[in-house]
Each structure stands twice: as C-alpha cells, then as structure tokens.
Amino acid sequence: MAMLWKFMRVAKYSKTALPPKIKVRGIPTHSRQSVPSDFAASVPCSNAVELFGKSYPQDDYSNVTEKILSKVGKNLHNKKHHPLWLIKEQVKDHFYKQYTGRRGNPLFSVYDGLSPVVTVQQNFDKLLVPRDHVSRRKEDNYYLNRGHMLRAHTSAHQWDLIHSGLDAFLAVGDVYRRDTIDSTHYPVFHQMEGVRLFSCHELFSNIKDGEGFQLFEQGHRTAHKQECHTMEAVRLVEFNLKQVLTKLMTHIFGDGLQVRWVDCYFPFTHPSFEMEINFQGEWLEVLGCGVMEQQLVNSAGAQDKIGWAFGLGLERLAMILYDIPDIRLFWSEDERFLKQFIVPHISQKIKFQPLSRYPPLINDISFWLPTETYSKNDFYDLARSVGGDLIEKVVLLDEYTHPKVETFIIFRSEEFEQLSLRDCWTKKVSHCYRIIYRHPERTLTQNEVHRIHQAIEESAVRELGVEGRF
C-alpha cells in the first residue's frame, strides 16, 4: 500500500467547493514540539477560508468542501485510547526505547501537532515532485487556493524539519486526499513519517577499517544508487533502514513475522522500496521507504549527511492489527466502539468485536457526463459531502458511449415542408454508479436513504453539470 507516498495520482477541481464564507476558527493543535513555517499566509478576504486564525482567499483551484473542513483539527491520533492513538504510541514507544543517544535520551523526536495546512511548495516542490507530475492535479488533492492546500502526506514536513537542524524524527498527522469510496478509503486518514540522517562518522564508525570510506563520490545513477553516493554508504543506509522497519513491524505484530521488500519508485527517494508482511497467511503492503534523494537533503542544509525516510498509514496498521473491517469506524463516537480500545497497556492485544452487521440499502444513479472535463473523484467527493459516512461504497457499474448519429431532417410527404431538425448525441458518455448505504451503528430506513439519494442526484446536476437519467 505505501499509503503515504504512493498517492501520486491527482486531476480536476470539484465544483462542490465551499460556500464563500465558511470558516473554521481557532481549532487548537496539540504538539509536544513544533517548528514554525515561513510559508504561512494570512490574507484577509471575505471570499476566503479561515483555518487556525489565518485566511486563505479562494481562487480557481479552491476545491475543499465543508464536509472535509469539519474534519480538520479532530486529530484522532492524539485522542487517548483511540485505536490510531494506540498505534502511534506503540511506534513512538518502540523508537524511544530502541534508539537512544550517548546520554540515554531518545534519538528520535516526535511531532504530532503540525498544522495540516501547507504550501504547494512544501507538499510538492521541496520533495522534488516534477512540475508536470500527475500528483499535483486537483483530482486527488484538497486545495485552499493555488498556493495552499491540506497536506496530502506527512512528507510535506520533511524539508522544514531537516532545515531546522533535526536528523532523526517522526512526524504524525492527518492527511487529505480525494479518492474512491469503499471500506479501506476515506478522504481523511493519518500517516507517520520517519527520517534518519547519518554523518560519515555515524555511518561507518562501527565498520572495520571504516575510516577509509566516504559518503559521496562523482559517479553515475544506477538502479541501486544515486550518482553522488558511494555504494558502501548506500548499502549501509539501506541495511539500517530495513533493519529498523523489520524490528518495528515485529514489535507491533509479534515475533516470527515474515517480511519482503519490493522495489518501487518515489520522487523523493532512490532506491525505493515497499515493505510487505505476511500476516495470517496473507501478504500485505504496509509502508513505503527508501534512501532520501540527496538533492532534497542538500537543499535543506544537511549537505554532509545521507539518510533514509519511510512513511506508513496508521489506519492501515490498525485495521490489520485489530481486525477493524471499515475505515469509517475510526470516526465513530459510539461508546461500543471506543470502549474496546480502553486498555491498561498500549501493546495489549485487542480483537475488535463488530457492533453489528446492519443491512445495506442499494441505489443506483445514472447520468450523461458534461462535455467539459469530468472526474470520477468529483462525483465521489460530492456523494461524500451529501451522504457523509452513511455511504459505505460507490462503484462505477457501467460506462456507456452513445454511438455517433448524423443530423437528420423530417419532412411532410409530398410537400417537402420541414417539420423538425434533430441533432443526435455524438459520442456522449453516460456513467452508472451503484451507491451502497450502510450505517456502521444502526439500521437505515429506505425513506431516509431515498432523501439522501435524491439530494445527491440534484447536487450532481447542479454542481457537476451532468444530465440526469433518473
């Protein structure tokens, strides 16, 4: 899965954007430590979104919805005894105890209250994401405006934290992506970023005759190394990275865990890997990682160091570890759910007991697409905004393209008087979606689902410009 890094997909802006004056004022963030950003904006404007006391003027890129803004500042990963908090605390506890400095103090510092509002520069440019990369488009991101967005991954804080002088840290927070709707995808989820940098002495000090090795050289980029790194340095960094992550997953899932590594690509690491674990007989992808691109490290002011980075999704680990079947449950306030995670120790084994399996209600919706650019994620975002967490899944059932038919004229016989001129559709496309409604905590009625479904139909026509086939 490598959720935090492998999002790289993104496209057009949804018209289901915020009304001009929606504001979310002064939601406090909790952080043990924080690093101020030089990129924060404060532009007073009536046609703006307000977050954390700052105003962000809307423009043609603005596509964040009222529904999404209602999630900002919830910080589930900091709510004591929440399953995401338990996962975060397990990882943090492991790093604190396993990796210490010469005086016994924790080597890794933890940042779990950084603002989710970042600049496009932080989210993409600082991470070396190409200007024309698909991950920048509006289809999969929530933009406040052309300059600011809700972070799409916790990697958005890498550069700032390294630039502040840190060389070992974990960053945890909520991230935002427009995506499909099913039991494993939600537009807001939580990630953890880990970074470790090494000086030449730190990397080679425990290696026999290590004083003769160097971190850098002028070479060529290959599948196994960057052009500026020596093979000795890359091998040690890669070994350390995989050892650290294997120990972490063994700490969470238990001894005897089988692990495998899959080569992959990320713009900000090379070489790059996805980590898979064999859990209960099934191989599951749990994170992405790699040797940090030296250009990124250099630009942040750590030119004399080499390092690794990883990113994992807290929901992903919690769903596997606790056997939670539906990602919507993490947002539940039902005591029957929350009480299951009130345990005396963060590492205590928990087996989630389903509240009940309430019956689904299924409705389909069909419409002709507008002639301008249309994205499925526009409809998914609209459906979430209207139906909220009552929607369990949305599936594109059918895509139909109307055949090209020439324009033709109907005449009255013998008089050759024109009756009508008729233009048939030319290559017009229709989508049919199936929407599965199911409340995680109670039984829905057909009447309430009908009202929601009708509201989705009306909003699709009004906001997306589709032509209903209802």
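## Aromatic pairs

Phenylalanine 268 is buried, at a relative accessible area of 0%. Buried means under 20% relative accessible area, exposed over 50%, and partly exposed in between, with a 1.4 Å probe and protein chains only. This is a predicted model, in which local features need pLDDT of at least 70, side-chain atom pairs count only at pLDDT 80 or more, and totals for chains, interfaces and linings use all residues. Residues are numbered from 1 along each chain as its sequence is written, and side-chain values use heavy atoms, with hydrogens and water left out.

The structure holds 20 aromatic pairs. Rings of Phe, Tyr and Trp (its six-membered ring) pair if their centres lie within 6.5 Å; planes under 30 degrees apart are stacked, over 60 edge-to-face, and the rest tilted. Tyrosine 61 lies in the loop between strand E3 (54–57) and helix H1 (66–69), and tyrosine 143 in strand E6 (residues 142–143), so the pair ties together parts 82 residues apart in sequence. Helices (H or I, at least four residues) and strands (E, at least two) are DSSP runs, numbered from the N terminus. Tyrosine 143 is buried, with a relative accessible area of 2%.

Phenylalanine 268 also has a ring partner. With phenylalanine 266 it forms a stacked pair, 6.2 Å centre to centre and 5° between the planes. Phenylalanine 266 is buried too, at a relative accessible area of 2%. Elsewhere, ring pairs link Phe95, Tyr99, Phe108, Trp308 and Phe310 into a cluster.

## Charges over rings

Lysine 242 lies over the face of phenylalanine 273, at 4.1 Å from the ring centre. The charged end of arginine 260 sits over the ring of tryptophan 283, 4.2 Å from its centre. The cut-offs are NZ of Lys or CZ of Arg within 6 Å of the ring centre and within 35 degrees of the ring normal.

## Cysteines

The structure holds 0 disulfides. A disulfide here is a pair of cysteine sulfur atoms within 2.5 Å. Cysteine 264 is in no disulfide; the nearest cysteine sulfur, that of cysteine 289, is 7.3 Å away. Cysteine 264 is partly exposed, with a relative accessible area of 26%. Cysteine 432 counts as buried, at 16% relative accessibility.

## The largest pocket

The largest pocket holds about 740 Å³ of space. A pocket is an open set of points on a 1 Å grid over the protein atoms alone, where a 1.4 Å probe fits, with protein on both sides within 12 Å along at least five of seven lines; lining residues have an atom within 4 Å of a point. Its volume is the space filled by probe spheres set on the points, which are joined across faces, edges and corners.

The largest pocket is lined by 25 residues, and Thr100, Leu107, Arg196, Phe198 and Glu202 lie nearest its centre. Strand E9 (188–198), helix H5 (200–204) and helix H6 (231–253) each supply at least two lining residues. H6 gives the largest share, 6 residues. The lining divides into 11 nonpolar, 8 polar and 6 charged residues. Ala, Val, Leu, Ile, Met, Phe, Trp, Tyr, Cys and Pro count as nonpolar, Asp, Glu, Lys and Arg as charged, and the others, Gly among them, as polar.

## The second largest pocket

The second largest pocket holds about 570 Å³ of space. Of its 27 lining residues, Phe279, Ile320, Leu321, Tyr322 and Asp323 are the closest to its centre. H6, strand E12 (282–292) and helix H8 (314–322) each supply at least two. H8 gives the most, with 5 residues. This lining divides into 14 nonpolar, 8 polar and 5 charged residues.
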